[in-house]
Amino acid sequence: MRRDVPRSLRISQVGLRGVIGAGLTATHVLDFATAFGTFLESAGPVIIGRDPRASGVMIRHGVIAGLLACGHDVIDLGVVSTPIVQHAIRRLDASGGVSIGASHNSAEWNALKFFGPQGTYLSTAEAGELLDIYHLKKFHLVDWDRIGKLKTDSSALDLYLDELAGAFDFTALKRFKVVVDCCNGTSSLILRRMNERFGFSFILLNEKIEGVSFAHEPSTTERTVALQLAPLMRPLNADAGFLFDADSDRVAIATNEGVAVSEEMTLPVLADHQLSIGRGTLVITNLSTTALIDEVAGARGGKVVRVPVGRQAAMDALASFPAAEIAIAGEGTGAVMPPQFRFVYDGIAAMLSILTMLEERGRTLAELVAAYPRYSILKGQVPLISQRIPALLMDLQARYSDGVANVTDGLRVDWPGRWFHVRVSQTEPAVRIICEQRGQPPQALFDALVEHVRRFA
Amino acid sequence: MPREHLLKVGVSGVRGVVGEFLTPALACAIGQAFGAYVGGGRVVVGRDTRASGEMLQHAVTCGLLAAGCEVTDVGVLPTPTIQMFIPAARATGGLALTASHNPPEYNALKFFNARGLFFNNYERSELLDLWHQSEFRQATNEEIRAVRCDYDTPPRLHVERVLKHIDVERVRARRFRVALDAVNGAGSVLSCRFLRKSLNCDLHAIAVDPSQPFPRVAEPRPDTLGQLAELVRRERCEIGFAQDPDGDRLAVCDETGRVLDNDDVLALAADDVLERMPGDVVVNLTTSSVMDDVAAWYGCKVHRTPVVEANVVEKMQAVGAVFGGEGANGGIIFPAVHLCRDSYTAMAFLLDRMARTGATVSALLSRLPRYFRESDTLPFAHGRMGSVIQALEASFPDARADRSDGVKLMLAEGWIHVRPSNTEPLVRLSAEARTEEGLAVLCRRARHVLES
């Protein structure tokens, strides 16, 4: 691959993602949607929804055309979160679903996420099959009289909230004063409705649904939380602050004292809660997630199962253990699968779980977070040169041979209280470098890794 | 092996059997090429009632948005209604998803320019070059525009335009008993409103549910309109109208339940128009000589073009014609309303003429000179057309020949037109003569050449 060719399209087992126009085009959308329509076997409708990006309108039309042409009826939920699409798939006995949106990426990006009839992400094998159909381009286009019909459904948000209301004690939780940075995304619609319908008092920042100019990148990093949300916590005398990505599957925290908390904290905090209840012992996460999860799980008698990064691998793992043994699943990105709804990474449900912890433990969010040992994580990325990856990984493994190596997804090396993970992204043409240490940031190790990877690139 | 044209990229757009051939990916790519060709701006998109229309409209819309166009969705409407809305909406162009009179498994993309006219040959080939090149303009997220819906303005505009050219009060006062067969097509809703509300007709309608499939062969011809004829007789209607699925063509049934030849409908409308505003007429080569007779009554000139509406429209523009059409296909083109084939203009003019003259349809028809006509199709390999033209001309040495679309041979007793089909591996044979015997002789001689 020549280095001067700008690359922003990534088609892989996790679906397709790219910068609209420069990388991801209408042609890709049509072909992928038609491939998905061919892949789905059952005759039920397909649920679609999108985040507020302007390009989502274009993609929506392409996805609808591809699915109708394969004979599927389509139920369009409009601008909704990804979890709302997933809930609707189960409720409506759909054959699958598509969520259009680039989650944490900036506005010029977009992506498609595909779901099976259980509302879950596809497994590795299913995703591989979908990709094969896409490449083969032999689609099952039906005859004119079997083409599907489009319907719209505006009840999905309320029915989703009904399900959350059944799983969480809204009456108790609505007493909290909560500030939320919606990043101009779908969480704004959900939380506004919770205020109206259930009397919550969410104070919303960047609540305008916006297609082109987001107030800032909708990512759940500590840095983004520190931009607008964290500084407002003390002046507003709020109990908790949360920030959601555009499609509301990820969440990050700001404490009542105005401290921006890493998105890595969301899973350990919720795992602690779930393990303390004593339902299940396994925590399923990926190789790039904070080591704090091991410490928290260890203290509660739990065990961490680490799988390669990507939701397909997590789906495989969830299916490979008895459901009763699984306590919780999640990622270091702030995406956590609530135990009540073990098919969906849901930022809103994760937020409600954290508020439930505050309620039950009678502590402030700052106290709750401070109870965990501090870990410092550094994340970076370097452009990808595919042919040099094997040599790079071998070289790194030799260089850091004093640690424990795991090569199931790139290279992860662990030392007591310290680890790094170097891997190839499935969503962007980049090598990701993640490095964490108990206590202070492992700056020297991180800098050395970045420098080393860069030399190979 | 016979070659079936299941996908045809041709003179009047891109047409094909939906599913394996006319795919959503193809529609999307053409949408994007169209968006690039018109250079962005607003594009009007509408469709007829075919089951595949919704799917294709989404695909085309996807492509147009990806090219940076703003899309105005006008929903299910007759093609002429969509066409005349394009300039009114200040759009840069428009697309209709309709295979007009073709069977339901077909659909097609029809292209219109900023004036709401069918793309001419040059515009169309430029568009196809862009599509073949496949290097489309790719809008960024910031450049992607919205889709707006406007289902009400286009039909209102269309009806206003048509009614300006007739004496509405005189027609309303007659409260005509009218039968209608809209083939459950794009005209279903508008035609009922137009005839009942605008023209105060006592309407007896069948096949006016746009959610249902076509109940008869989509092309409105004498042999496909048995139900309309029966309705006219049962309800003792003064006239019966039949539309095609996209509401541009019109067939007419008289008060006795006899379906008129489409050539005669065109001639009746020409009689009405030329009497009020004499001027040039443009018809295709296959249109009946009755048109020449009617034009001669008013001292008007008739121009002839190859078959296909776009050719007629192009010539009408060039000569500033006041009237045009394609005889056998039905439907009239009256540029003062819009330069397109329009069944609503035809309905209004016929009712207006009946109101003005007090005559029945059959009485109006009896004014026209009588011709005998035949048309047929023969399987044919298009590569042989040149030698067939030579052989036909040799066997009719006295005929005046016009080779602009296949060959038309004009003789004292009548004429023969043999041309390759635009859509299928067939030749179409049309012939007309003043007498039945003359017609039989002409056809026998032509078939003899074609079959040898």
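How many bridges pair β17(B) with strand β21 (residues 426-433) of chain B? The legends below start from that pairing.

The model is predicted: local features need pLDDT of at least 70, side-chain atom pairs count only at pLDDT 80 or more, and totals for chains, interfaces and linings use all residues. Residues are numbered from 1 along each chain as its sequence is written, while chains are lettered from A and ligands numbered from 1 in the order in which they are written.

**View 1. Pairing of β17(B) with β21(B).** The two strands pair in the antiparallel sense over 8 bridges. Strands pair if DSSP finds at least two bridges between them; strands (E, at least two residues) and helices (H or I, at least four) are DSSP runs, numbered from the N terminus. Within this pair, B:E432 of β21(B) is the bridge partner of B:R373.

**View 2. The open sheet of chain B.** Its 5 strands follow the order β17-β21-β20-β19-β18, with antiparallel pairing. From one strand to the next the twist averages 15°.

**View 3. Helix α15 (residues 436-451) of chain B on the sheet.** The helix touches β17, β20 (414-420) and β21 of chain B, contact meaning C-beta atoms, placed from the backbone, within 7 Å. Its direction makes about 155° with that of β21(B); axes are lines fitted to C-alpha atoms, for helices over the stretch in contact, and angles run from 0 to 180 degrees between N-to-C directions.

How values were computed:
Two residues are in contact if their C-beta atoms, placed from the backbone, lie within 7 Å.
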